[in-house]
Amino acid sequence: MTWLLTRGRVPFLCALLAATAWLGWLAAGVGIETTNASLDSRDPEKVAAYERFKATFGSDEDLLLAVAHPALLEAEGIGLVAALSERISRIDGVHRVLSLANAEELVPGELGAEPRPVVPPGLEGPELAGRVREALDRNPDLAGLFVSADRRTAAILIEIEDRPGDLHYRGALIERLRAIADEVGRDGVSLHLTGIAVQKHDVSEMIARDTRVLMPLAVGVLGATLAVFFRRLLGVLLPLAVTGITVAWTLGAYRLAGLELNAITSLLPPVLMVLSLAVSVHLIQGWLDASGPDPVARVRRVVLEQLFPCFFCSLTTALGFASLATTDTPAVQLFGLFAALGVLISFAVGMTLVPVGLSFLPPPASAREVPQHPLVRRALAWAAETAAAHPGRVLLVFAGITALALAGLPRVRNNTDLVRFLRDDAPLQRDTLFVDEHLTGANMLDFVVARRDGAPLASLDAVQRLAAFERAILAREHVVGVSSVLAVLRQIERAEGAGELVLPADERAAAWAFDLLEAAPEQPLVRKLVAPDSTSARVNVRVRAVGTAVAAPLAEDILEEGRRLLGDEYTLTATGAFYNVSRDSNRLVAAQVRSFALAVGLVFLTIGVLFRSARLTLIAFVPNVMPVAWTGGMMGFFGIDLSTGTAMIASAVIGVVVDDTIHYLTGFSRAYRGDPREAVRLTTTGTGAALFVNNVVLVLGFWVGCFGSFKPTIYFSLLSGVTMITALVCDLFVTPACLVLLDRGRRAPACA
Amino acid sequence: VRLSAIAALVATAGAATAADAPLPARLLARLDPGADEVVGRSFVPSAERRVGEVRLVRRGDANVAQTLLYTKVLSRVVGEIRRKELANWPDGPARADALRYVEALESVRERTWSEVAARGPKGDRRQKVWIEFVVAPREALVAIGSFEMEDRDGEVRVLSREPLVALELSRDYVLRNMRLIAADSFHVEGDALAELLAPLEWLRVR
């Protein structure tokens, strides 16, 4: 240590600078994930089913452009849809455009069923509108896909080309479509773009925006808070240097691992900036409070004093975050692991850079008095007196609040809403909800039906069972429509002679209808509904814009009923991007309980090692688990859903808030002289003041995340801050109350 | 119209008889593919949604336009062939040849359909029919039969074939039809068609 603070200072700073320059350069180039893939859990069964689905039926990431027109079925409206379809089909990256303008129905022809455009070419005026209305009435399945029930909004379905390795064409296509929407949308006409590809694009854009906005904002907030607290330049510059190096090294390592930022890990920079302040703040505070003219000896003494508490605080914080690695969602795992890495980096950098920096400065002539607001002073004194004088009542009140919070816990809904997880003014949310309200369901569940023996579905039994399954789905709440091969079979039957939309009536007709499907000219369209060898069929269910709290049980109910209707000879699998999110959401609670249990176990094991006392470990447990329960109850009462972001709060925060308890118990052990009440008064008014300031920094830093673009991360930031406040309250009331009540005149607690 | 209908009935009856009667050895010899040299091949109607393929073949001193159909919708394909035949031969002496051809084809289709139906719902539902337009120094004929095949990575190999019908028709009808089949299947005309047919002595455009 002495070498580092004397001759080793310059080489150390040079090495630190070089490492930071390299890792900082790497960090500056961290990419942004464009696929949202890391938000999907790595459930092998789910992944395999989705891959099989995409290999058989193609991508489920088509775009949907809704065109609202006051006279949609008149020549003007249909002309607009036709012109837009034609224009969009020429944009780079578009594979195919389907709309009312180019939709076809099957009609009787010379050789049997043959396709004919729904909109007759060459017609104009009232005759056109009449013919289109008739065609839509004649083809309810087509009408459901391409036109709203009130016939004022049309859908243009846009299939995107698959270009592996090209990261830019989708973004360019979406920007182009939005430019067209802006250009065309006037005089009562409006265009609304939605789809999974749009969501992925917009999320990437928002991550980039958050990275640009949140980092400077965090620097500003933390700098201002440090300036207010320390009122000197070194108190601002040294902690900010530690946070800067921590962020650079952590993100540099992130890139070295070949990773890209996602909606969750985009929070890493501001969170790390906050978490990495603690060591610097404690060291600088200790240095200011210390005495002695020898700069090296003074710094050395402070470092030795703070080394163990800061190490254990960093360790517990890191363990809390690292416990997130037990979840199934890669984005959350990465966030936990790299936040933990960042905390350990900040400990190492803080414990070296801050002492070296301080060693260059002349020590203050006298110990600095911490400026304290009279209100804070009075509040701390009241807290100390209340906990010391009435520990039983304090515990009773806090237990009552906890019981109330526990009553709110069952109200917490496990819900991930891909549409509403964006801010209300986000274009994607606006457009998607418009489509949902005016045209069709914004979400899609996909089911794949196959025979267990692998034989084709070209049989009367299969058709009849599929029809029963389809009817059962359509009867369910939140279901807007179903698309399946049955719609095409009905058209074939009508055109082959039945005269109306009915399903094949016998074995031969069923087999023939599938034969015709196999030879249909529009194979890419047929392949979206049935496998090339007819061994599996897709049942696409359009669902209202509901969250996974509704969608997950809906999907499970459909699966259960479907399996009953289809019987043992058939298999039924649910899949698709939306189903996968629903399934992941179902696993969140289990993942959260697992992660939180691990965090609590590791954190309190560490505290046990630190204090070597079961009694103190138990005391530390109570005031830290209480605020987590309170936050859970608050989420229940305020209707905040458990989602990818909010599920991280408990595990992440437990490691942070326990630091206050460690500092409080350390302060108590130093102040204890046989009278627990007196020790509580001294600790709460002394250490409590430092904890208050530290919490202000942490809470304000976490709340910077509230300016992000995603509601889960906004709630994570907001509720983490709230939990830190309530944890401090618990530390100032419950911890001392427990210490007083459990004191049996034993020796003072040992502390490392 | 009445004459055409009568001719069609006669042709159907004739074709049915022809399908059941043994083929003359002289014609069977013209149908032996042992020395076939394929000079051109094209999937029909396209590679993406093929129902079969057309091969242009040199077989000794004969030229052959061979169509291999392997499809579950043979009735549609036969209907399409009938439509084209009747359009190509609206009147004249060759119309009777066209009618004999399409009715013979229809009778073979029905026969292969009954074989497919006997296989049950889990069997191979493809109907496999070959059609050959053959022109040789002294013969011009159309033969139709069934075959078995193997399909490896899109490459069809005929394993066995059974001739069911052989019709000796007018040379003009057979030659013109072979050229029409080549143009339609290979989607070529003019010089490109002439280039395609150049290796085939009887078909080349002089």
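Rings of Phe, Tyr and Trp pair if their centres lie within 6.5 Å, with the six-membered ring used for Trp. The legends below describe a predicted model.

**View 1. Four Phe rings form one aromatic cluster.** The members are Phe308(A), Phe311(A), Phe312(A) and Phe347(A). Over all chains, the structure holds 19 aromatic pairs.

**View 2. Phe398(A) and Trp630(A) make a stacked aromatic pair.** Planes under 30 degrees apart count as stacked. Phe398(A) belongs to helix 15 (residues 391–408) of chain A and Trp630(A) to helix 23 (residues 614–638) of chain A, so the pair ties together parts that are 232 residues apart in sequence. Both Phe398(A) and Trp630(A) are buried.

**View 3. Two Arg residues lie over ring faces.** Arg163(A) sits over the face of Tyr169(A), at 4.7 Å from the ring centre. Arg298(A) sits over the face of Trp287(A), at 5.6 Å from the ring centre.

**View 4. The largest nonpolar core has 134 residues.** Leu63(A), Ile88(A), Phe321(A) and Phe335(A) touch the most other members. Helix 13 (residues 330–359) of chain A gives the largest share of this core, 16 residues. Another core lies apart from it, with 47 residues, among them Phe447(A), Val463(A), Leu554(A) and Leu559(A).

**View 5. Phe321(A) and its contacts.** Neighbours within four places in sequence are left aside here. The contacts of Phe321(A) include Val271(A), Leu275(A), Phe335(A) and Leu337(A). Also among them are Ser651(A), Ala652(A) and Val656(A).

Key. Residues numbered from 1 in each chain as written. Chains lettered and ligands numbered in written order. Predicted model: local features only at pLDDT ≥ 70, side-chain atom pairs only at ≥ 80, totals over all residues. Heavy atoms only, no water. Phe/Tyr/Trp six-rings, centres within 6.5 Å; stacked < 30°, edge-to-face > 60°. Helix = DSSP H or I, 4+ residues; strand = E, 2+ residues; numbered from the N terminus. Buried < 20%, exposed > 50% of the residue type's maximum accessible area, 1.4 Å probe, protein only. Lys NZ or Arg CZ within 6 Å of the ring centre and 35° of its normal. Core = buried A, V, L, I, M, F, W, Y, C linked by side-chain atoms within 4.5 Å. Contact = heavy atoms within 4.5 Å.
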